[in-house]
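Open the model in your viewer and get ready to click. We will go from stop to stop.

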Amino acid sequence: MVSRLVLVLGDQLSPGLSALRNADPARDTIVMAEVMAEASYVRHHPKKIAFTFAAMRKFAARLTADGWRVAYTRLDDPGNSHSIVGELLRRAGETGAQQVIATEPGEWRLIGALEAAPIPVTQHPDDRFLCSHAEFDAWAEGRKSLRMEYFYRQTRRKTGLLMEGDKPAGGKWNYDSENRKPAADDLFRQGPLQFDPDETVADVLDLVEARLPDRFGTLRPFWFATDADQAEQALDHFMRHSLPSFGDYQDAMLAGDRFLYHAVISPYMNAGLLDPLDICRRAEAEYHAGRAPLNAVEGFIRQIIGWREFVRGIYFREGPEYPRRNALGHDRPLPALYWGADTDMNCLSHAVAQTRDEAYAHHIQRLMVTGNFALLAGIDPTALHEWYLAVYADAYEWVEAPNTVGMSQFADGGVVGSKPYVSSGAYINRMSDYCRGCRYSVSKKTGDGACPFNLLYWHFLNRHRARFEDNPRMGQMYRTWDRMDAARQAAVLEGAEAFLFRLDRGEKI
Ligand SMILES: Cc1cc2nc3c(=O)[nH]c(=O)nc-3n(C[C@H](O)[C@H](O)[C@H](O)COP(=O)(O)OP(=O)(O)OC[C@H]3O[C@@H](n4cnc5c(N)ncnc54)[C@H](O)[C@@H]3O)c2cc1C
Ligand code: SF4
């Protein structure tokens with residue numbers, strides 16, 4: 001029997017992977033490879049690379065212990081060709097294999113590379129998700145617009161999660177209206193479970209430090225889980241300590257607490273160390289056991305079976321050009337502050353500093369601070385997309401691009417969201433304590449020291465009026481603007497222009 005190669009990518013670290021199910025340990029060789037092409041197509045955060053390589057090494061060891069033959073390429077192996085296809089060809093030469101079994105990658109770029117490879121590659125569906133491409137397309141077909149909420153209800157019905165017969169638990173599908181509390185500075189929050197580096201992790205940290213220097217991001221201390229057992233422990237810890245308050249404080253931000261009640265499990269889930277449906281069933285069990293309230297559990301489950309599955313469906317339905325869409329024609333270069341340049345804007349300063357240190361920011365920091373600012377300031381969405389893809393440990397294009405290009409920048413013209421997520425400083429002030437320590441004044445709407453979000457918010461609405469004024473969800477914003485007297489409107493717009501002028505000149509803002 002001719003042997004085959006089985007490709008396992010760095011975000012496919014699941015024992016039940018479709019490629020493995022379609023392979024034979026007695027006959028086939030698994031190929032796993034740390035290659036520069038993947039580590040460098042955007043300048044990934046060092047923690048993200050270290051997490052991926054360490055988790056890959058441990059998964060390879062587990063496969064070997066399970067009886068598989070694994071051809072594993074380390075980044076510094078002398079024969080490393082430094083691309084995925086290059087490594088497949090090299091291993092084919094060594095083993096005589098003439099075909100490859102793979103699971104479909106989560107990025108069009110790699111799907112295309114495997115299709116074009118000079119060796120036949122069978123790409124099996126990635127069925128670690130609840131919704132297949134065909135199922136999403138069937139749901140989407142014929143709908144005027146695609147809204148997460150309806151997709152989510154269908155997935156609740158399909159899985160039976162939080163269902164009482166054919167009715168949603170508690171009578172409502174969505175408890176978001178209860179989930180918008182600001183958080184008090186509380187010293188007793190547990191935060192995510194952290195792990196000391198073991199030998200595998202320590203080796204990888206040394207490697208990343210030596211081979212990938214000068215990248216945005218702090219490598220040490222490194223505390224992520226890097227195998228399925230640790231990821232399980234991190235999940236347990238979240239269920240016990242944070243899930244009960246997850247809902248209430250989901251949108252809150254605090255300068256002194258980078259994680260609040262968030263799970264910090266997206267890197268683990270996206271790499272394949274945790275199974276999404278299993279996570280949701282466990283959260284549901286916490287509700288039934290009376291240990292976590294419905295608003296928390298419903299909110300948490302919605303993020304996973306709703307948003308996570310929905311954005312993946314959009315990414316694959318919209319096609320390879322999706323990440324480069326620019327419906328609003330924004331073309332300002334990404335400001336240096338996103339790479340850590342000094343800024344007086346305290347909210348941005350905190351969100352970027354924690355991104356640099358942790359390769360993590362929670363959803364509202366990504367959406368309403370870094371994303372909101374970029375949208376209001378008219379930053380090129382492709383440049384922003386590459387930034388998000390590089391700096392977060394959980395970032396893979398299938399999930400990052402629809403969140404950035406769609407949800408956060410409206411650059412897809414409204415495929416993901418029905419209106420742009422924009423806000424003035426008032427929202428950030430309500431949901432965080434950032435404004436207290438800021439040089440700008442959130443209560444000032446014009447003049448020296450006015451919060452830049454207050455100026456840019458109206459500038460954005462004004463410059464995109466033709467597109468948005470008839471949007472029923474935005475009419476109120478335009479009516480408020482129209483009620484402002486002309487002198488005040490002029491002062492706001494002049495203030496915004498002056499701010500953007502300084503931004504373009506590279507001045508500290
Ligand atoms: C501009 C922007 C870029 C983003 N890029 C990514 C990304 O590259 N990778 C990524 O996994 N998430 C991304 N998100 C979604 C979300 O911010 C992260 O999933 C979340 O912050 C991960 O942290 P957590 O595990 O503590 O999440 P929690 O707040 O504890 O939520 C639990 C889980 O729900 C899922 N989830 C929550 N919101 C979303 C969402 N909008 N889309 C998909 N899954 C969601 C995640 O798997 C997460 O682990 C992005 C959001 C925005 C606004
Ligand atoms: S005042 Fe404005 S810039 Fe400063 S922290 Fe608040 S929202 Fe951010």
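A cavity is a set of grid points where a 1.4 Å probe fits but cannot get out. Keep in mind that this is a predicted model.

**Stop 1: the second largest cavity.** This cavity holds about 120 Å³ of space. Select Cys347, Cys435, Cys438, Cys451 and Phe453: of the 14 lining residues, these are the closest to its centre. Now colour helix 14 (346-358), helix 18 (425-431) and helix 19 (452-463), which each supply at least two lining residues. The lining has eleven nonpolar and three polar residues, and no charged ones.

**Stop 2: the largest cavity.** Here the space is about 440 Å³. Select Gly10, Asp11, Glu38, Thr52 and Tyr396, which lie nearest the centre among 28 lining residues. Which helix gives the largest share of this lining? Helix 3 does, with five residues. By class, the lining has 17 nonpolar, four polar and seven charged residues.

**Stop 3: ligand 1.** Select ligand 1 and its 28 surrounding residues; His262, Ala263, Val264, Asn270 and Tyr360 are the closest. Next, show helix 17 (397-408). Helix 17 gives six residues to the shell, the largest share.

- Serine 266: a backbone N or O atom lies 3.2 Å from an oxygen atom of ligand 1.
- Histidine 363: a polar side-chain atom lies 3.0 Å from an oxygen atom of ligand 1.
- Arginine 366: a polar side-chain atom lies 3.4 Å from a nitrogen atom of ligand 1.

How much of ligand 1 does the protein bury? Taken alone, ligand 1 exposes 820 Å², and the protein buries 99% of that.

Notes. Residues numbered from 1 in each chain as written. Chains lettered and ligands numbered in written order. Predicted model: local features only at pLDDT ≥ 70, side-chain atom pairs only at ≥ 80, totals over all residues. Heavy atoms only, no water. Near = heavy atom within 4 Å. Polar contact = N/O pair within 3.5 Å; in protein donor to acceptor, adjacent residues only side chain to side chain. Areas by Shrake-Rupley, 256 points an atom, 1.4 Å probe, with all protein chains shown as cover. Helix = DSSP H or I, 4+ residues; strand = E, 2+ residues; numbered from the N terminus. 1 Å grid on protein atoms, 1.4 Å probe; cavity = no way out; pocket = protein on both sides within 12 Å on 5 of 7 lines; lining within 4 Å. Points joined across faces, edges and corners; volume = space filled by probe spheres on them. Nonpolar A, V, L, I, M, F, W, Y, C, P; charged D, E, K, R; others polar.
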